[in-house]
Amino acid sequence: MLRKTLLAFALTASLAAASALAADEALLLDEARKVASSIPPKLLEVLDEEIRKGGPENAIGVCREKAPQMAKAASEKTGWAIRRVSLKNRNPKAVPDAWEKGVLEEFDRRAAAGEKPTGLEKGELLTVDGQQIYRYMKALPTQDLCLQCHGTADRLSPAVQAKLLELYPNDQAVGYSAAEIRGAITIRKPLL
């Protein structure tokens, strides 16, 4: 009888813990979505403004300088480590780690299977070196504005090509079409 009671108690406690964990993960996912979705619209605004001022070659400096500054400021404000990554990176700092690479590859498979790139995301609770962290990625589909610097060679002006060669001699981030996944915003947060 005692054994059955202990088993029932253990099962009840396990179910309660699983339920609490699921609720915590749902809250983390919601928070991650808000943080991740706050940066791209602001960046697109700044890019559009710079393009209007001096052409698409001016936008390259925004992505190089201002985007990391925006991510850093948002990281400090929210407590989430934020960056952009791509399988075809321009910035050497935008190389995905193993988890991010796997998620980006998953996004490509899902998009090829017909899912809309704008809805591709993944959140996951992980334990890394004994520390629980929550990781989240949201796909960044290529928008028309982006094609001036990330599009096919016929879409890139000579000024953009020269600037890219100057700043990113090993650039891989060209040849994209509209709505194609160019990369993702990736965020992570250690849990106490």
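Predicted model: local features only at pLDDT ≥ 70, side-chain atom pairs only at ≥ 80, totals over all residues.

Entry 1: I started with the strands and found four of them in an open sheet, in the order β1-β4-β3-β2, with antiparallel pairing. The edges are β1 (81–85) and β2 (121–128), since each of these pairs on one side only. From one strand to the next, the twist averages 20°. A reminder from class: strands of a sheet pair through backbone hydrogen bonds, either parallel or antiparallel.

Entry 2: Next I zoomed in on β3 (residues 131–141) and β4 (residues 181–190), which run antiparallel and are joined by nine bridges. I picked K138 and looked for its bridge partner in β4, which turned out to be I185.

**Entry 3: helices on the sheet.** Helix α2 (residues 56–78) packs on the sheet and touches β1 and β4. The direction of α2 makes about 150° with that of β1. Helix α3 packs on the sheet as well, touching β1, β2, β3 and β4, and its direction makes about 40° with that of β3.

**Entry 4: E100.** Is E100 buried or exposed? I looked it up: the relative accessible area is 2%, and buried means under 20%, so E100 counts as buried. E100 sits in helix α3 (residues 98–112). What does its side chain make a polar contact with? The side chain of T186 is the partner, at 3.0 Å. Leaving out residues up to four places away in sequence, E100 touches R83, V85, V95, R135, M137 and T186.

**Entry 5: salt bridges.** I got a count of 17 salt bridges. One of them joins the side chains of E31 and K189, with N to O at 3.0 Å. That pair links distant parts of the chain, as E31 is in helix α1 (residues 2–54) and K189 is in strand β4, 158 residues apart. E31 has 30% relative accessibility, so I wrote it down as partly exposed.

Then I followed R110. Its salt bridge with E106 has the closest N and O atoms 3.2 Å apart. E106 and R110 are four residues apart in helix α3, so about one helical turn separates them. R110 also meets E115 in a salt bridge between side chains, at 3.0 Å from N to O. E115 is partly exposed, with a relative accessible area of 38%.

Last one for today: E49, E50, K53 and K66 are linked in a network of salt bridges.

Note on methods
Residues numbered from 1 in each chain as written. Heavy atoms only, no water. Helix = DSSP H or I, 4+ residues; strand = E, 2+ residues; numbered from the N terminus. Buried < 20%, exposed > 50% of the residue type's maximum accessible area, 1.4 Å probe, protein only. Polar contact = N/O pair within 3.5 Å; in protein donor to acceptor, adjacent residues only side chain to side chain. Contact = heavy atoms within 4.5 Å. Pairing = 2+ DSSP bridges. Axes fitted to C-alpha atoms, helices over the stretch in contact; angles between N-to-C directions. Salt bridge = Lys/Arg side-chain N within 4 Å of Asp/Glu carboxyl O.
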